[in-house]
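Please keep the sequence and the model in view while reading.

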Amino acid sequence: MPCPSKPRLLLLLPTATYRAAAFVEAARRLGVELTVASELPSTFQQAQPDRLVTLDFSDPERAAQQAYQFARTHAIAGVTGVDDTAAVVAAAIAERLGLRGNPVSAALAARDKHLQRKELARRGVPVPRFELHELGEDVSDLAARMHYPCVLKPLRLSASRGVIRADDPPGFVAAFARLQQILEQPDVAACGGWTRYVLVEDFVPGPEVALEGLVIEGRLHVLALFDKPDPLDGPFFEETIYLTPSRLPEPARRVIVECGQAAVAALGVREGPIHAELRYNAGGPWLIELAARSIGGRCSAVLRFTAGERGRGKGCASLEELIIRHAVGLPIPSLEREQCAAGVVMIPVPGAGVLREVRGIAEARAVPLVEDVVITAHPDQPLVPWPEGSRYPGFIFARGETPEAVEAALRAAHGRLTFVLG
Amino acid sequence: MDAEIRITAEPIDNAHCKFLVSLPVHSGGVRRFASSEAARGSPLAEAIFAIPGAEVTEVIVSGNLVTVVKRSAAPWQAVGKSVGAAIRSALASGRAAVAPKPAGAAVPGGVDDDALYDRVAELFDAQVNPMVARHGGRVELIDVQDAVVMLRMAGGCQGCGMADVTLRQGIEAMLQQSVPEVKGIVDITDHTAGTNPYFAAAKK
């Protein structure tokens, strides 16, 4: 097989992703040969078999075998998965093809909240106290012996879908029933045996942060630490604002990063992006969740890297460019984020209903420091609030000198939007 | 007149941004300008190329849509306001914002856009559209200028989460193979207006 002049990336892109354009355009900018693998076939797959493939995302070993067959005629330099499921498939492919990547065990632990808690606790990483329960258990009995407040979680759903806080036994019974309804929805129940279980853990008070990083040979390189200035106290956990750099004091930031590195080591993550959620209080940092993938939704657009030129200026690289460079073994000029403050609002679902119109977009864009307002919900799309929902209707981005100014701009822009539901 | 003109900016990335205008900007098909020299005689394009510090490399005007490509790292939040002002000024002047497309435009190398258009249209009819139709999609060839194909996606493709994959991994690849004289491809679709995307983004 002739050696290709450009490295080929196998990009595992689920069809429900927000991030196709960001990754595809990043690959184009880097001049990387790109093969996009999804769980459903593209209509162009037969015409472009070297650029588009279908892999069985539900069976990582089978997907790895499919990738192996593909690689016999198309040399693959790197593989990366965009979401939690694709990250496990990417790990299986990397193991099969001898590519840079994570052990499958690490990707599995990062995907499953219970498995992750067990591994982290076993290795001494601070996590909330947790218990695993089956849907068929006596809920009244469980409610009577729980510690409150607690949080009920599905093992794998993303975007805090199904995550509910309970403050007392009646609240626990109601939350359990609501989560059970979500887990028994046909599209969820079909996902596997994990949908029969509920993770219950102590609610950890205190501010929450998000840690974005790139792991290289087991070492965590911090790309950004985000504050989440809106309290996430429940009962549901729909996210809103991410702001970087963090305004937490330096000692707090340091121990948060140390906690993230400890979690990376505990789970056995070796290579690639991670996105972790942590809380910080008088007890120090608490690892709430670590995913072996990068930040979701459209949020990655908030991050720009200096591409080797310290500080401001030209040549900024996107998060996707860094991930691709790392995956295929291209040099990474810098992991340093640009100097300015930046933030994003994941626009909250304004209510249940069918989206008819969004008003005020131009006015929101006109707010100083606001760079963009992206409405991802399409007209006539049903909007479903949390905890049943998991789709943000859009995103607002801003950049400025300080996190305070960026936060004010984001709030002002959000305040100018009106969602008309039918 | 200014107050009646509403402009919505839709950045694609830091280099590309679409501006949706509430009034028609140019009703004579698509015009693409790849340099300030090519923009001469079209006041809107001239004004956009002249925006200080933006380093505009391309302006594409079609109906109510103005697509701007720039080289500078300046954010669209800053550049977009100047583009908006240029659009408003051009429309308020009462003159044609964009001159009609000159006849018989040819690209260096002797391949003319009309001939390319016919070959691309044939490819779209015979291969591209039957493929995207399986997902309820449609791809309209809008124009070919300076060997750059301008297209619009509709139906299941409009607003689809995988539209960029279809565009780059499917359509662009087929063009490279079947019509190698094509230099580039520009999607002028308003994806936010898609009401029935085949794949809707759902995961965080």
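Tyr117(B) counts as partly exposed because it has 16 C-beta neighbours inside 10 Å; a residue is called buried if 20 or more other C-beta atoms lie within 10 Å of its own, exposed if 12 or fewer, and partly exposed in between, with C-beta atoms placed from the backbone. This is a predicted model, in which local features need pLDDT of at least 70, side-chain atom pairs count only at pLDDT 80 or more, and totals for chains, interfaces and linings use all residues. Residues are numbered from 1 along each chain as its sequence is written, while chains are lettered from A and ligands numbered from 1 in the order in which they are written.

Tyr117(B) belongs to helix α3 of chain B, which covers residues 113-132. Its C-alpha atom is separated by 8.7 Å from that of Ala147(B), a residue 30 positions away along the chain.

Chain B as a whole contains four helices and eight strands, these being DSSP runs numbered from the N terminus (helices H or I, at least four residues; strands E, at least two). Read from the N terminus, their order is β-β-β-α-β-β-α-α-β-β-α-β. Of the 204 residues of chain B, 48% are classed as buried. The C-alpha atoms of chain B occupy a box of roughly 50 × 45 × 30 Å along the principal axes.

Chain A is described by its domains, whose bounds come from an automatic or database domain assignment. That assignment gives domain 1 (8-109), domain 2 (129-202) and domain 3 (341-422). The C-alpha centres of domain 1 and domain 2 of chain A are 32 Å apart.
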